[in-house]
Amino acid sequence: MSAIAPVKGTRDFYPNQKAFQRWMYDHIRAVSEKFGYQEYEGPFLERLELYAAKSGEELVQEQSFVFPDRGGEMIALRPELTPSLARMLATRSKSMIRPIRWWSFGPFWRYERPQKGRSREFFQWNIDLLGVDSPQADAEIVVVAAAFFKAIGLTAKDVRIKVNNRRLADQQLDKLGVPPERHQQVFRLIDRRSKLNAKEWNTYAEEIGLDQEQIVGLEDLLNNSVAWREFDELKDFFDAVEQMGASEYVEYDPIVIRGLDYYTGNVFEAYDAVGEERAILGGGRYDDLVADIGGEPLPGVGFAMGDVVTGIVLDKCGVRPDLRANPADVFIPTFDESSRGEALRLAAELRVAGLKVEWFPEIARLPKQFKYADQQGIPLAVILGPDEIELDQVAIKDLRTGTQTTIPRSKVIERVRELLEPRNEL
RNA sequence: GUGCCCGUAGCUCAAUGGCAGAGCGCCUGACUGUGGAUCUGGAGGUUGCGGGUUCGAGCCCCGUCGGGCACCCCA
């Protein structure tokens, strides 16, 4: 038990956990770049008012880490990235060539009660396509998400991306005679459908002023899995998803609404197939946000994916990789004082040749040294003890197979590279 | 912010209100130039923290910190 407790809702990243995060980051980068997106970063601190503009009330008032700076300005640890993105673009949008494809991965903070899949400090992948307002742009963003899932080993049987459209939902409620000012409440009702039983749900629906006819109509809507066919924005979207080969991951779901106020068109969320966990990612189209923050009108679509739920789903599906913390290529044991200098020279020589080399920093029993190398996951040991020095040789032991050969010292770099070759094909 | 459950060795967990333990891991040796297997021995604890009840508290009570679950919300 540590003397000073960690801050509630934060996590320590020990090397193997950091290796996992790095692995996720590498896939995020690879997929983002595969679609031509560029990496960017915003500040971790923003004025609170940036979020007051368009994020939900609850988000600003209850769930942000906020403090006054010395001048009395209210500062927030960023709870999301999209407003920062909008601000960055608002100041330069006139000079930017469109479309704009940007992605980012970094820390965010929310003052919430931590529980499974939800911490106060977490990492998020944000990716956005701006300057274009088309269902095909929405489709590309969703296909990026599907490509990422595929890359990290989550199949269409493991995860689903569920899509709906704000305007369609509004139209549907209009048809039921729900006045526009009630839509928000009804969206909340829809969101609760999976959490309440039929009777509770009915009671709740009555409480917000729906009559029986409207409730029945609403249920019909929520059970209608083909309503998208009558709605061009979704029809074109699903066509494009199909053309990009990601249909298996993507489906229409009238229950997806999203909490944020700034979404205007297609919205989506990804869940584990069983639907037990929180959303893995969520996003949608936000056509007014940049203008609201003071820039030129700039339509956009994007999503954010948290690292916590993604990790849980990987565990659940049994595809979390077993990662070691970036082991060296070569291990060099230390025999005695007389040979230590030569061993250090050899290590330096191999590093100059571009290899990752770790030596044992004290004279210790060899079993201990080899055990250490094995546990680190280092594939090769290059052995230069008194006997080898005498004969101008080195012994190379492949710790993966246990085979050891002795070669002239002058051949060591060449031989090590050969032995590492298959490893680098990964 | 509300309610409930939990907190014992590095990890996973035992211990009726009565001597704080096991497995795994770690260190050590069997094996003084070679890892994984097996066996030997060892270290490791103010039972999250603070108070209270009691002859006696890991266990009961109160508070606090941390974790989990359900609300709330979900960027």
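Me: What distance separates the centres of domain 1 and domain 2?

Reply: The model is a predicted one. In it, the centres of domain 1 and domain 2, taken over C-alpha atoms, are separated by 52 Å. The domain assignment of chain A places domain 1 at 15-316 and domain 2 at 330-419.

Me: Why is Trp-201 called buried?

Reply: Buried means under 20% relative accessible area. Trp-201 has a relative accessible area of 3%, so the term buried applies to Trp-201. Trp-201 belongs to helix 8. Leaving aside neighbours within four places in sequence, its contacts include Leu-189, Arg-192, Ile-215, Leu-218 and Leu-222.

Me: How far apart are the C-alpha atoms of Trp-201 and Asp-287?

Reply: The separation of these C-alpha atoms is 33 Å, and the two residues are 86 residues apart along the chain.

Me: What makes Gln-172 a buried residue?

Reply: The relative accessible area of Gln-172 is 13%. The cut-off for buried is under 20%, and therefore Gln-172 is classed as buried. Gln-172 lies in helix 6 and touches Leu-221, Ala-227 and Tyr-252, not counting residues up to four places away in sequence.

Me: How does the reach of helix 9 compare with the span expected at 1.5 Å a residue?

Reply: Helix 9 (residues 212-223) has 12 residues, and 17 Å lie between its first C-alpha and its last. The expected span is 16 Å, and the reach of helix 9 is close to that value.

Me: Which residues of helix 9 are buried, and why are they placed on the same side?

Reply: Gln-214, Ile-215, Gly-217, Leu-218, Leu-221 and Leu-222 are the buried residues of helix 9. Because they cover an arc of only 165 degrees around the axis, they are on the same side of helix 9. Exposed residues on the other side are Glu-213, Asp-220 and Asn-223. The cover over the buried residues includes helix 6 (166-175), helix 7 (183-191) and helix 8 (198-207).

Me: What makes Asp-211 a cap of helix 9?

Reply: A side-chain oxygen of Asp-211 lies 3.2 Å from the backbone nitrogen of Glu-213. A polar contact requires a pair of N or O atoms within 3.5 Å. With that distance, Asp-211 caps the N-terminal end of helix 9.

Me: Why is strand 10 described as largely enclosed by the rest of the structure?

Reply: Strand 10 (residues 281-285) is described in this way because five of its five residues are buried.

Me: How do you know that strand 10 pairs with strand 9 and with strand 11?

Reply: Pairing requires at least two bridges between the strands. Four bridges join strand 9 (residues 266-272) to strand 10, and five bridges join strand 10 to strand 11 (residues 300-306). Glu-269 has Gly-282 of strand 10 as its bridge partner, while Gly-284 is bridged to Gly-302 of strand 11.

Me: Which residues of helix 14 are buried, and why are they said to line one face?

Reply: In helix 14 (residues 366-376), the buried residues are Gln-369, Phe-370 and Ala-373. Seen down the axis, they fall within an arc of 95 degrees, so they line one face of helix 14. Lys-371 and Gln-375 are exposed on the face turned away from the buried side. Strand 12 (330-332), strand 14 (380-383) and strand 15 (393-398) are the elements against which the buried residues pack. Gly-377, with a positive phi near 80 degrees, follows helix 14.

Conventions:
Residues numbered from 1 in each chain as written. Chains lettered and ligands numbered in written order. Predicted model: local features only at pLDDT ≥ 70, side-chain atom pairs only at ≥ 80, totals over all residues. Heavy atoms only, no water. Helix = DSSP H or I, 4+ residues; strand = E, 2+ residues; numbered from the N terminus. Expected span 1.5 Å × (residues − 1). Buried < 20%, exposed > 50% of the residue type's maximum accessible area, 1.4 Å probe, protein only. Arc of directions from axis to C-beta. Contact = heavy atoms within 4.5 Å. Polar contact = N/O pair within 3.5 Å; in protein donor to acceptor, adjacent residues only side chain to side chain. Domains from an automatic or database assignment.
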